Structure formats: structure tokens, C-alpha cells
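Let's take a walk through this protein model together. Have a look at the sequence and the structure first, and then read on.

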Amino acid sequence: METIDRGSAGSARVAIVGGIHGDEPAGVRIVRRLADELDAEGEGSGDGSVRLIIANERALAAETRYTDTDLNRAFPGDADSDEYERALAPRLAAELEGMDAVLALHTSHSAPPPFAIHSGLTPSVRRTVTAMPVDYVVDASGLRGTTLDSRIPHTVSIEVGRQGSEEAVTFGYEACLAFLRAHGALADEPPTFTETTVVAGDEEVPKGGGEPHVHFENFEEIPRGAVFAEDDVYTHRVEEEGVVPILASEHGYEEIFGIYGRVMGTLEPPASAGETESSAGAVGEADETAGKADETAEEAETE
């Protein structure tokens, strides 16, 4: 794991993580570019910091998703484990301890559009999601509890595009700039906030064997009674209305076709959207009452 610290224009402590999966080098390229362009540690005008992390160096060197176990399924991990990624997970978590906002970069074999993922809404997560140029955010709180965004507070993951594409690198870089502006770490221009459609991730759709077929695009509503995906083992017919696929892919994943989701409503921008954290204070310092108020507002928006 490589950690690079840079200065900030504001007071928040933020982090961007690339290379969680070794076959997703776009995140590494983005982190390297940010490291070259941001002020050195201590040179920013604020007292906050930007931490840039390249996570899974061993898998990146091997150009494989992971060496022993999927790092993004290994949290909280075990420092004494013989599995490389399981032992790496607590080290990565320690580097992110106390951060006011964290952004984890991913690519996939799934089709566009890019989208964000969170496992728990906080004021910081709201700022991150609504500042980035994505139309959808997946609420993954009902899925796995072993991912980075499910274990590290104030973390948002973002799928920036198709694995291996230049478009993913370009989009991911711009999303990172928007993230940094939202939390006051970059002051080149004011942040822009927009509402984002919330999709609740319900369940993973298993894959069997043989030739797989996926019949619907990501976030496209599947008509009741239609077949979403099939292979020699499974025929996945949707019997409910309002179901949309997430991370739909025929060949991108060994065990799943993707995830079923349901559109729940919209995530509105923060009330103080015009303020940056350099003037309003770090989101991570929001008190418990503010956090509960935000959760109540989210429930109202998505009912």
C-alpha cells in the first residue's frame, strides 16, 4: 500500500483510494495525476489534508483482481491472516481513520452510466454524492457488510466506467475534482450540487454456467414477467414491478449477473450547498442531532 499526503485549501481531512482491485488500474492513474497536481503536504492554504492511497499493490503488479481474497469483501480484515488482502484490510482502514470524507475508485465490466455507492447516509456522504457528476447512487446498506464503504465512516465508492477505458480515467478524475471541491479541499472553483436518484440494492443475482445472457441495461426498469438474465443453470424472471439491474454484466463477474435494485426517490443536495467545508467546518464534526436530522430527511425523500 502506498500513501501520499497532500495539502488542502480547507479544514477537512479527505482521502481518495485507488487500486483496491488489481485489475482496475484507472484508479491508480487518477491518484497519480492528483498527486502530481495538488500542493505538497503543508503547502495548502487550509489546515486540512488530502490523503491519496494506492491500495492493493501486489494485485496491481499481478494485474489480477486480488491475490488471495477480494479486498473489497475482506473488511474489517485480520492483521494476523495469512491471506494478503485480509491482512491488508485493517492497514487500509487505519490510514482512513478519522477522515471527514473518503472516495473509493472502481471500474467494472458493466455498461455505463457511472454511479456512486454508499452504505450509510451522513452529511458528508450527501455532499460527496450530490457534488459528483452521477445520476444514480446505490444504497448498498442491505447487501454485504464487508466492503470499504460499509465499514469506514463517510465513505462513498464510485464506479467511474468500463474497465480498461480511457473514458473511465477521464470521468473518474473529474469526479475526484468535484469531490475535493465539495469538501473544501480544492478552491479552484465553487462546488456544484444536484439531486441524485437513489436505488436500493436488494439482492445479488447468481450465475450458474454455460453461455450467459443479460437482457437489460443498468438502471433500466425490467417489466414484470420479463427475463433479466439467463444461462444453462438459471433463468432469472422478474415477478415484481420497479426492479432495475445494477452492475449488469454477462462476463464481468464469475458468480453473479449483477444486483437487483429498486428506485426509492432522490437524494437532495445539502441545505448549505453554497458553503464549502473551509467556511462551514468539517462535515465529520457534525453533531449527532444533525446526523439524525439528515437521516430523517432521507427517509422522507425516498418514501
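L247 has its place in the loop between β12 (243-246) and β13. (Helices, H or I runs of at least four residues, and strands, E runs of at least two, come from DSSP and are numbered from the N terminus.) What you're looking at is a predicted model, in which local features need pLDDT of at least 70 and side-chain atom pairs count only at pLDDT 80 or more, while totals for chains, interfaces and linings use all residues. Residues are numbered from 1 along each chain as its sequence is written, and side-chain values use heavy atoms, with hydrogens and water left out.

Back to L247: its phi is near 55 degrees, a positive value in a residue other than glycine. Is L247 buried or exposed? At 12% relative accessibility, L247 counts as buried. (Buried means under 20% relative accessible area, exposed means over 50%, and partly exposed is in between, using a 1.4 Å probe and protein chains only.)

E63 also has a phi near 55 degrees, again a positive value in a residue other than glycine. You'll find E63 in the loop between α2 and α3, and its 67% relative accessibility makes it exposed. P76 is in the loop between α2 (57-62) and α3 too. Check the peptide bond from F75 to P76: it is cis, with omega near 10 degrees.

## Salt bridges

How many salt bridges does a search of the whole structure find? The search turns up 13. (A salt bridge here is a side-chain nitrogen of Lys or Arg within 4 Å of a carboxyl oxygen of Asp or Glu.) Here are some of them:

| Pair | N to O distance |
|---|---|
| E2 and R32 | 2.7 Å |
| E95 and R51 | 3.3 Å |
| R181 and D188 | 2.9 Å |

Start with the salt bridge between E2 and R32. E2 lies in strand β1 (residues 2-6) and R32 in helix α1 (residues 26-37), so this pair ties together parts that are 30 residues apart in sequence. E2 is partly exposed, at 24% relative accessible area, and R32 is partly exposed as well, at 37%.

Next comes the bridge between E95 and R51. Since E95 is in helix α3 (residues 84-95) and R51 in strand β3 (residues 49-54), the pair ties together parts 44 residues apart in sequence. E95 is partly exposed with a relative accessible area of 23%, whereas R51 counts as buried at 17%.

Then there's R181 with D188, whose side chains meet in a salt bridge. R181 is buried, with a relative accessible area of 11%, while D188 is partly exposed at 49%. Which residues does a network of salt bridges with shared partners join? They are D5, R51 and E95.

## Rings and their partners

Now for the aromatic side chains. The structure holds 3 aromatic pairs. (Rings of Phe, Tyr and Trp, the last by its six-membered ring, pair if their centres lie within 6.5 Å; planes under 30 degrees apart count as stacked, over 60 as edge-to-face and the rest as tilted.) Why is the pair of Y136 and F219 called stacked? Their ring centres are 4.1 Å apart and their planes are at 0 degrees, so the pair is stacked. This pair links distant parts of the chain, 83 residues apart: Y136 is in strand β6 (residues 136-139), and F219 is in the loop between β9 (213-214) and β10 (227-230).

Y136 is partly exposed, with a relative accessible area of 22%, but F219 counts as buried at 9%. Ring pairs also link F115, Y136 and F219 into a cluster.
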